[in-house]
Amino acid sequence: MKEATDMTRNALVVGASGITGSALCEQLVRAGWNVQGLARNPHSLPAGVQPLAADLRDADATRAALSAARPHDVFITTWLRQPTEAENIRVNAGMVRNLLEAVRPAGSVEHVALVTGLKHYLGPFEAYAQGDLPQTPFREDQPRLPIENFYYAQEDEVFSAAARDGFTWSVHRPHTVIGAAVGNAMNMGTTLAVYASLCRHTGRPFRFPGSPAQWEGLTDMTDAAQLARQLIWAAQTPAAANEAFNIVNGDVFRWRWMWSRIAGWFDLEAAPFEGDVQPLEAQMAGDAPIWRELAAVHGLVEPDILRLVSPWHTDADLGRPLEVITDMSKSRRLGFLDYQPSDDAFFRLFERLRAQRLIP
């Protein structure tokens with residue numbers, strides 16, 4: 001395994017325009033890495049990142065885009081949601097396979113990191129948080145669920161290519177990731193910021209949309225910068241080679257506390273929780289014209305609410321019928337000790353969204 005100081009590292013960040021990918025690019029550039037960022041539309045990547053454009057579903061286009069790339073470290077932070085889990089498996093496993101075939105000819109790859117998530121333990125969207133789930137807190141040595149899951153298929157593509165080509169790997173399983181990105185399919189932080197802004201604009205109650213189990217139970221989450229730090233740490237730490245790691249901020253909280261914290265940041269009063277699930281997807285169904293009006297009034301740069309929010313994903317997380325906590329002992333034993341208070345992660349995101357004129 002390489003040492004961090006022996007040479008300037010070449011990193012390829014796949015999904016560089018997303019929540020995790022953009023945070024990772026920023027940290028790699030600050031650390032002095034040479035960074036290439038691959039995305040379907042690699043616009044507005046962090047400064048210092050060389051943009052590469054390709055759709056990973058297209059093997060020929062991916063090969064062409066990466067023909068001159070010589071990455072030492074490949075970070076896979078992207079996926080595409082499909083209507084069924086069978087399609088999720090076919091498409092997302094194929095994307096990983098096309099990527100690793102495209103970088104293979106250069107013979108430069110030493111480490112591949114794959115970002116998945118807690119659906120590894122909770123099951124895919126079609127059977128999310130159903131059936132016989134492993135005991136919480138989730139630990140990396142718990143076996144896979146006996147059900148098809150595109151995360152497992154992505155892992156298997158990485159494992160197979162590593163055995164064939166001789167690189168090391170790491171898998172990173174965050175809880176809900178909080179960070180800044182426009183057009184992202186799983187974006188709780190920005191979704192809640194837009195929802196709070198709409199409540200303040202319209203006078204609607206700022207109502208927790210989820211389940212009693214989430215309101216009362218303990219939970220954790222993952223700041224995108226915290227995830228990026230673990231990705232870089234694993235790429236540079238010999239003991240982390242060929243291991244899977246959970247990654248969360250390090251604190252735990254109850255949504256009954258966090259909801260009031262978020263409300264306070266937006267100068268709102270949190271509405272009393274009445275015990276019933278009131279999904280954001282239904283609450284926000286008619287908000288597109290209201291947001292467009294609000295954007296015009298405040299000079300916001302993104303008037304299309306669908307580019308900012310993912311209510312379906314936020315509902316899936318906040319509507320779960322069980323408490324979800326993640327164990328991080330594995331990476332801590334190996335020396336990854338970073339910590340990020342989750343309320344500060346939300347507040348830093350809200351400040352960034354306001355500074356970028358994405359929320360009023």
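**Conventions.** Here Ala, Val, Leu, Ile, Met, Phe, Trp, Tyr, Cys and Pro count as nonpolar, Asp, Glu, Lys and Arg as charged, and the others, Gly among them, as polar. The model is predicted: local features need pLDDT of at least 70, side-chain atom pairs count only at pLDDT 80 or more, and totals for chains, interfaces and linings use all residues. Residues are numbered from 1 along each chain as its sequence is written, and side-chain values use heavy atoms, with hydrogens and water left out.

**View 1. The second largest pocket.** A pocket is an open set of points on a 1 Å grid over the protein atoms alone, with protein on both sides within 12 Å along at least five of seven lines; lining residues have an atom within 4 Å of a point. Points are joined across faces, edges and corners, and a volume is the space filled by probe spheres set on them. The second largest pocket holds about 260 Å³. It has 17 lining residues, and Ala23, Asp223, Ala225, Arg348 and Arg352 are the closest to its centre. By class, the lining comprises 8 nonpolar, 3 polar and 6 charged residues. Helices α1 (19-30), α8 (224-236) and α14 (342-355) each give at least two lining residues. Helices are DSSP runs (H or I, at least four residues), numbered from the N terminus. The largest share, 6 residues, is from α1.

**View 2. Helix α1.** The 12 residues of α1 should span 16 Å at 1.5 Å a residue, and its end C-alpha atoms are 17 Å apart, which agrees. The expected span is 1.5 Å times one less than the number of residues. Of its 12 residues, 9 are buried, so α1 is largely enclosed by the rest of the structure. Buried means under 20% relative accessible area (1.4 Å probe, protein chains only). Among the buried residues are Ile19, Ala23 and Leu28. Just after α1, glycine 32 has a positive phi of about 90°.

**View 3. The largest cavity.** A cavity is a set of grid points where a 1.4 Å probe fits but cannot get out. The whole structure has 1 cavity of 30 Å³ or more. The volume of the largest cavity is about 40 Å³. Its lining includes His175, Met188, Met221, Phe253, Trp255 and Arg320. That lining splits into 5 nonpolar, 4 polar and 3 charged residues.

**View 4. The largest nonpolar core.** A nonpolar core is a set of buried Ala, Val, Leu, Ile, Met, Phe, Trp, Tyr and Cys residues joined through side-chain atoms within 4.5 Å. The largest has 40 residues, of which Trp255 and Phe346 touch the most other members. Helices α6, α9 (255-265), α11 (288-298) and α14 each supply at least two of this core's residues. The largest share, 8 residues, belongs to α6. Apart from this core lies another, of 31 residues, with Val35, Leu45, Ala235 and Met328 among them.

View 5. Contact means heavy atoms within 4.5 Å. Residues up to four places away in sequence are not counted for tryptophan 255, which touches Met188, Phe208, Trp215, Leu318 and Phe346, among others. Leucine 198 sits in helix α6 (residues 188-202) and is buried, at 0% relative accessibility. Beyond four places in sequence, leucine 198 touches Gly203, Met284, Asp287, Ile290, Trp291 and Ile305. Serine 342 lies in α14 and is buried at 0% relative accessibility. Leaving aside neighbours within four places in sequence, serine 342 contacts Met221, Asn249, Asp251, Phe253 and Met258.

How values were computed: Buried means under 20% relative accessible area, exposed over 50%, partly exposed in between (1.4 Å probe, protein chains only).
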